Amino acid sequence: MRLTSLLISSIAIGALSAHSQTGTFYTKRGESPLYTEFYNEHFPFFEATLDLRDPKDPASRLNVVPRAIILPLQHDCFVAFDTELLRVAAIWIGQYPTLKGLAPMSYGIPLNKAGGGIGNLAKPQGQIIYRSQVAPGLRATRSGTETDPRTAFNDPN
């Protein structure tokens, strides 16, 4: 037990001294963080929380996909699949989503945070050519629900 405490203390002191020497807890490449490229253009998909709300459409105020699988296709086309509602949430022509949200913002600088709530999330960049309503994309029967069966919990904080 005493040896474990000594080992943990040594690791903590080493980490703190490394922090005091470099000013950071992450590895740097010169003056830049070592890992800065969040989106890998050679990978077949990536995951992000995606904000699909349209300021011109009040009905889309809840259109946030917490766990979107985004497929970059040819000709700068992207498809976002909502894994919770089993729907194609959006298709757009343009670029990778904005680097917003916790994962993209803290990738290069681990202690960089997006803040709470849903105000600072990744959004598609380009022309959205399809955006589905917030409803199950796959239904067990033809008379299945046409609305999102989940309880709405969009806390702005």
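Which residue meets Arg53 in a salt bridge between side chains? In this predicted model, the partner of Arg53 is Asp51, at 2.7 Å from N to O.

**View 1. Overview of the protein chain.** The predicted chain contains two helices and seven strands. Along the sequence these elements follow the pattern α-β-β-β-β-β-β-α-β. Of the 157 residues, 25% count as buried. Among contacts in the chain with a separation of 6 or more, residues 24 or more positions apart account for 52%. The chain exposes about 10,900 Å², and carbon and sulfur atoms supply 58% of that area.

**View 2. The salt bridge between Arg53 and Asp51.** The side chains of Arg53 and Asp51 meet at 2.7 Å, N to O. Asp51 has a relative accessible area of 3% and is therefore buried, the cut-off being under 20%. Arg53, at 27%, is partly exposed. Asp51 and Arg53 also belong to a network of salt bridges that includes Lys123. The count of salt bridges in the model comes to five.

**View 3. The salt bridge between Arg131 and Asp54.** The side chains of Arg131 and Asp54 form a salt bridge at 3.9 Å, N to O. This pair links distant parts of the chain: Arg131 lies in strand 7 (residues 125-131), Asp54 lies in the loop between strand 3 and strand 4, and the two are 77 residues apart. Arg131 is partly exposed at 29% relative accessibility, and Asp54 is partly exposed at 23%.

View 4. Asn63 is found in the loop between strand 3 and strand 4. With 2% relative accessibility, Asn63 counts as buried. Its side chain makes a polar contact with the side chain of Arg87 at 3.0 Å. Arg87 in turn meets Asp82 in a salt bridge between side chains (2.9 Å, N to O).

**View 5. The largest nonpolar core.** This core has 15 residues, and those with the most contacts inside it are Leu50, Leu52, Val65, Ile70 and Trp92. At least two residues of the core come from each of strand 3 (46-51), strand 4 (64-72), strand 5 (77-82) and strand 6 (87-95). Setting aside residues up to four places away in sequence, Ile70 touches Phe45, Phe46, Ala48, Leu50, Phe78, Val79, Ala80, Trp92 and Pro97.

Technical notes
Residues are numbered from 1 along each chain as its sequence is written. This is a predicted model: local features need pLDDT of at least 70, side-chain atom pairs count only at pLDDT 80 or more; totals for chains, interfaces and linings use all residues. Side-chain values use heavy atoms; hydrogens and water are left out. A nonpolar core is a set of buried Ala, Val, Leu, Ile, Met, Phe, Trp, Tyr and Cys residues joined through side-chain atoms within 4.5 Å. Buried means under 20% relative accessible area, exposed over 50%, partly exposed in between (1.4 Å probe, protein chains only). Helices (H or I, at least four residues) and strands (E, at least two) are DSSP runs, numbered from the N terminus. Contact means heavy atoms within 4.5 Å. A polar contact is a pair of N or O atoms within 3.5 Å; within protein, one must be able to donate a hydrogen and the other to accept it, and residues adjacent in sequence count only if both atoms are side-chain atoms. Accessible areas come from the Shrake-Rupley method with a 1.4 Å probe; for residues, only the protein chains shown count as cover. A salt bridge is a side-chain nitrogen of Lys or Arg within 4 Å of a carboxyl oxygen of Asp or Glu.
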